[in-house]
Amino acid sequence: MDVRAAVERHLVAAFGPVGGRAGVTFLGAEPIDVLRFGPRPDGFFRYATVGMSAEPMSDPGAAVRDPGGPRAELVLSLRVPRDSVARQLALLAAIPSIEGVPVVAGAGLDLGEPLWDEAPFHGVLVGEPGGLVPDLRLADAVGSPTPGQTSPVDDPTGAPGFANPTEIPAPVRFLPVFPMTPNESAYKRVHGAAALRERWIAAEMDLRDPLRRGLRI
């Protein structure tokens, strides 16, 4: 099962043709591609990672990687393209492989350097999946046996191709990321993701504007 190819097809179905591609390779980690889509009819450009979900994310305290662990990719939406974000977005997507830390909704990821050339943002807040791109069920990519052919798995309770239900891969979830200034990252660390979102809403921040001002904190 080619997870990367399935993810790319899923993104194309959601956003249309790929408008640009950058590949980034890190020592000891899966290569990460960053695809650019757009502009879409809604006016947005989307940057999405491909490769983060090639392996499941594991609890850093676990001795053995769980094959059914969560899988995810990152999606950044901007009103104006910023192609220099590709390497930094790939760095964020490589965190589970390099640092062994799962990336989940509500997390704050801080690079300590601009997200793109001359950007005032050095980190991102990870949002909830499902709103922009639906989950990709990898289990659906495993075909059933053709008539007269024996299933590779002699287990009527398991999905075809997997020894038992616990080996069925988790769906790939597409996590939106929202740029944060260093001050916003510091506020999030102290007060939490929900409080930062409330401040953004109260200030009527357009989080997809690459030129937006940061919160006064």
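Reply: Pro39 sits in the loop between strand 2 (32-37) and strand 3 (45-50). Strands here are DSSP runs of E, at least two residues, and helices are runs of H or I, at least four residues, both numbered from the N terminus. The peptide bond from Gly38 to Pro39 is cis, with omega near 10 degrees.

This is a predicted model: local features need pLDDT of at least 70, side-chain atom pairs count only at pLDDT 80 or more, and totals for chains, interfaces and linings use all residues. Residues are numbered from 1 along each chain as its sequence is written, and side-chain values use heavy atoms, without hydrogens and water.

Two residues other than glycine have positive phi. Glu118, in the loop between strand 5 (108-110) and strand 6 (123-126), has phi of about 65 degrees. Glu204 follows helix 5 (193-202), with phi near 55 degrees. Glu118 counts as exposed because its relative accessibility is 81%; exposed means over 50% relative accessible area, buried under 20%, partly exposed in between (1.4 Å probe, protein chains only). Glu204 is exposed too, at 72%.

Now the packing. A nonpolar core is a set of buried Ala, Val, Leu, Ile, Met, Phe, Trp, Tyr and Cys residues joined through side-chain atoms within 4.5 Å. The largest has 32 residues; Tyr47, Met52, Leu74, Leu89, Leu92, Val103 and Leu109 touch the most other members. Strand 2 and strand 3 are among the elements that each supply at least two residues. Helix 2 gives the largest share, six residues.
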